[in-house]
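Please keep the sequence and the coordinates in view while reading.

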Amino acid sequence: MRLFKFRDGILTLVAAATLFTAGCAQRAYYVAPPPPPPGPSPLVAEAEQNGFRAGADAGARDAYNGYGYAPKRDRAFHETPGYDPRFGPFGPYQGYFRGAYLRGYQQGFYRR
């Protein structure tokens, strides 16, 4: 009877060792990180650049000449120059241009 218990213990030990080594044989699973988010589209980049520059120039000019703060008075705000149809539709360009224009005007007017 004692021999049976010894064999039972050895079988348990062998089974545990087999499971342990079988679990270690798996390869690690690596996943590549997601790509970085894309930058602004050419339409947005062009509109932001053109609008901010036009707004900063107009704001600085109005402050220098002693005019009041009126960013929507300038012709560039309404005409939104610099649009290129190759980049996309005019509506989004106009929106991004005007937003950047207002930020640029404020910076140019208050010399920040």
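Helix α2 comprises 24 residues, and the distance from its first C-alpha to its last is 34 Å, close to the 34 Å expected at 1.5 Å a residue; the expected span is 1.5 Å times one less than the number of residues. Helices here are DSSP runs of H or I with at least four residues, numbered from the N terminus. The model is a predicted one, in which local features need pLDDT of at least 70 and side-chain atom pairs count only at pLDDT 80 or more, while totals for chains, interfaces and linings use all residues. Residues are numbered from 1 along each chain as its sequence is written, and side-chain values use heavy atoms, with hydrogens and water left out.

The buried residues of α2 (under 20% relative accessible area, with a 1.4 Å probe and protein chains only) include Leu43, Val44, Asn50, Gly51 and Asp62. Among the elements that cover the buried residues of α2 are α3 and α4, where contact means heavy atoms within 4.5 Å. After α2 comes glycine 66, with a positive phi near 85 degrees.

Helix α4 covers residues 90-110; its 21 residues should span 30 Å at 1.5 Å a residue, and its end C-alpha atoms are 30 Å apart, which agrees. Its buried residues are Tyr93, Phe97, Ala100, Tyr101, Gly104, Tyr105, Gly108 and Phe109. Viewed down the axis of α4, these fall within an arc of 160 degrees, so they line one face of the helix; the arc is that of the directions from the helix axis to the C-beta atoms. The cover over them includes α2 (42-65) and α3 (75-79).

How do α2 and α4 meet, and at what angle do their axes cross? The two axes come within 6 Å and cross at roughly 35 degrees; they are lines fitted to C-alpha atoms over the stretch in contact, and angles run from 0 to 180 degrees between N-to-C directions. The residues of this contact divide into 17 nonpolar, 7 polar and 4 charged.

Most residues other than glycine have a negative phi. Threonine 80, in the loop between α3 and α4, has a positive phi near 45 degrees, and at 2% relative accessibility this threonine counts as buried. Arginine 111 is exposed, at a relative accessible area of 64%, where exposed means over 50%. Leaving aside neighbours within four places in sequence, arginine 111 is in contact with Ala63 and Tyr64.

Conventions: Helix = DSSP H or I, 4+ residues; strand = E, 2+ residues; numbered from the N terminus. Nonpolar A, V, L, I, M, F, W, Y, C, P; charged D, E, K, R; others polar.
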